[in-house]
Amino acid sequence: MSGTTAAAGRSLRSAVDRLRALWRHSLQFRTVAVTLALSTLAILIIGLSLLYSVSQNLTQSGIAQARATSEAARANAQAILEASDATDRAAVQSAFSAAVDAVIATAGTSDVALRRVPGESSSFSLPLDRESPVVSEAITPELREAVQQNPGESFSQSVSLAGVDGPEPGVIVASDLVVSGSTRYELYIGYSLAEAQETLSFMQLVGGFGAIALILILGAITLVVVRFVIDPIRTAADTSRRLAAGELDVRLPERGEDELSTLARSFNDMAESLQDRIGELAHLSTMQQRFVSDVSHELRTPLTTIRLAGDVLHGKVDEFDPTTARTVELLHTQTERFELLLADLLEISRYDAGSVELASEPTNLVHLAGDAIESMRTLAAEHGSEIELRAPGGHLDAEVDPRRVRRIVRNLLGNAIEHGEGRPILVSVDSTSEAVALSVRDHGIGMTPEDAARVFDRFWRADPSRTRRIGGSGLGLAISMEDAVAHGGLLDVWSSPGEGSVFRLTIPRRAGLEEVRPPLLLGPDDEGEPIRLPRGGAA
């Protein structure tokens, strides 16, 4: 029994959840449901008001007719009694019976009761009380008291009378008769209102079926009208999604000259303008990418010549006077920086052109990070920083492009050395079944949240007045982000002024993962919440 109850409870919750989901996601369902609810409420209020009014009218009409008939019956009976001059018992009884017959004939009902008023004459010649089982059981003490204290007046009271099929509504009209000139009798006439009740029940039944039919008709009409309006809106929503997904040639059908067709024309004009503008921007972007690529390639030849000449001069720097030697040293340093900038520009142009392909292979990120640290250790020592590698676990190979991941690590280490203020740098590597992660933590000057939001922009500096101490093109972090996205991963940052920065690289182990829980925390406030990965190629 408990299992059946639990199953019923689950089914009910499931149905409620489905209704909630339908309410949230379907404008058509909400419109029809609200219309039906308000229509049902209006029909219920109007129907109940009408039924109450009809019920009251039928009841009052029945009571008024009963009172009028009772007055006529009492008058006829009283006329018969007053016309009789009988004094003996038989004659008085005969007149009394004639009066009762007149009451029954005039009232149209045999439910008549006559009772001698208490305290009246108890002469042996006066007739006995006449009782009707139907009426006698329904007479209340209050009604008797009203008749006894108000001679010549009539009163009515709604009661329940015993019928063939059970109790039925009725009314008793009470008045009095004077017998033998001075003795008062209470006269009670009972009328059944069953016909009025049947009429009211029939009206309730017809009204109920009519209300249900009206609600169904209203629901059908609302559904048709709503579909007529919702279908174009649904088409517009679907077209908007396709347009946002990059299908710039989709358009809305234009029919008629109403508001929906005006909306369709406006939407199509907007889509046309958007397509033209995106085409122009794509053309400009292509020209820009081609220009950067062409310029970079064209600069390679003169740069190679300058580099060779600079190397020759740098090889003989000891033979020059101090001023010339300093000039040769500057020429050599800037030529190397120019060559690095040119290489980074070519790499950025490849990413912009979408022509980057990963050369993935099983790679141990701990070993890769160790190699990158060793290559940067001398530079770090020159700036007073020590680099520590920490790998708590997960030394498993991951399918990545080792050259690009090594470049990410070197860029992050260079950035940490540049801004680490000579303090220790911590490199951490960890992995789980769904992702691998590498973070670089420095304890340098840090950044504000506004600066951290722009740290991956090309050629951006947190402090423009601060000169680069270890070279660099200003594109290292931007290229690192592109490398991370190419692997289907993410490069994010935490930083705080005076507390340093943490850069974390997260790469999914499997293609298609859109959300992973990084193996490494990003900052002191990070609780290891899942992150959404940008769409990109996966290793």
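## Strand E11: both faces covered

Strand E11 is covered on both of its faces. On one side, Gly 500, Val 502, Arg 504, Thr 506 and Pro 508 are all buried. On the other, Ser 501, Phe 503, Leu 505 and Ile 507 are buried too. This is a predicted model.

In a regular strand, side chains alternate between the two faces of the sheet. E11 spans residues 500-508, and nine of its nine residues are buried. Buried here means under 20% relative accessible area.

## Partners of E11

E11 pairs with strand E9, residues 435-442. The two run antiparallel and are joined by eight bridges. Within this pairing, Val 440 has Phe 503 of E11 as its bridge partner.

Strand E10, residues 490-496, also runs antiparallel to E11. Seven bridges join E10 to E11. Trp 494 stands opposite Val 502 in E11. E10 and E11 form a hairpin with three residues between the strands. In that hairpin, Gly 498 takes a positive phi near 85°.

## A nonpolar surface patch

Elsewhere, a nonpolar patch lies on the surface. Its members are Leu 27, Ile 217, Ile 221, Val 225, Phe 228, Val 229 and Ile 233. Together they have about 630 Å² of accessible area. Helix H6, residues 194-244, gives the largest share of the patch, with six residues.

The partly exposed class lies between the buried limit of 20% and the exposed limit of 50%.

Methods: Residues are numbered from 1 along each chain as its sequence is written. This is a predicted model: local features need pLDDT of at least 70, side-chain atom pairs count only at pLDDT 80 or more; totals for chains, interfaces and linings use all residues. Side-chain values use heavy atoms; hydrogens and water are left out. Patches are made of residues with over 30% relative accessible area and no salt bridge: like charges are joined within 9 Å, nonpolar side chains (Val, Leu, Ile, Met, Phe, Trp, Tyr) within 5 Å. Accessible areas come from the Shrake-Rupley method with a 1.4 Å probe; for residues, only the protein chains shown count as cover. A salt bridge is a side-chain nitrogen of Lys or Arg within 4 Å of a carboxyl oxygen of Asp or Glu. Helices (H or I, at least four residues) and strands (E, at least two) are DSSP runs, numbered from the N terminus. Buried means under 20% relative accessible area, exposed over 50%, partly exposed in between (1.4 Å probe, protein chains only). Two strands pair if DSSP finds at least two bridges between them.
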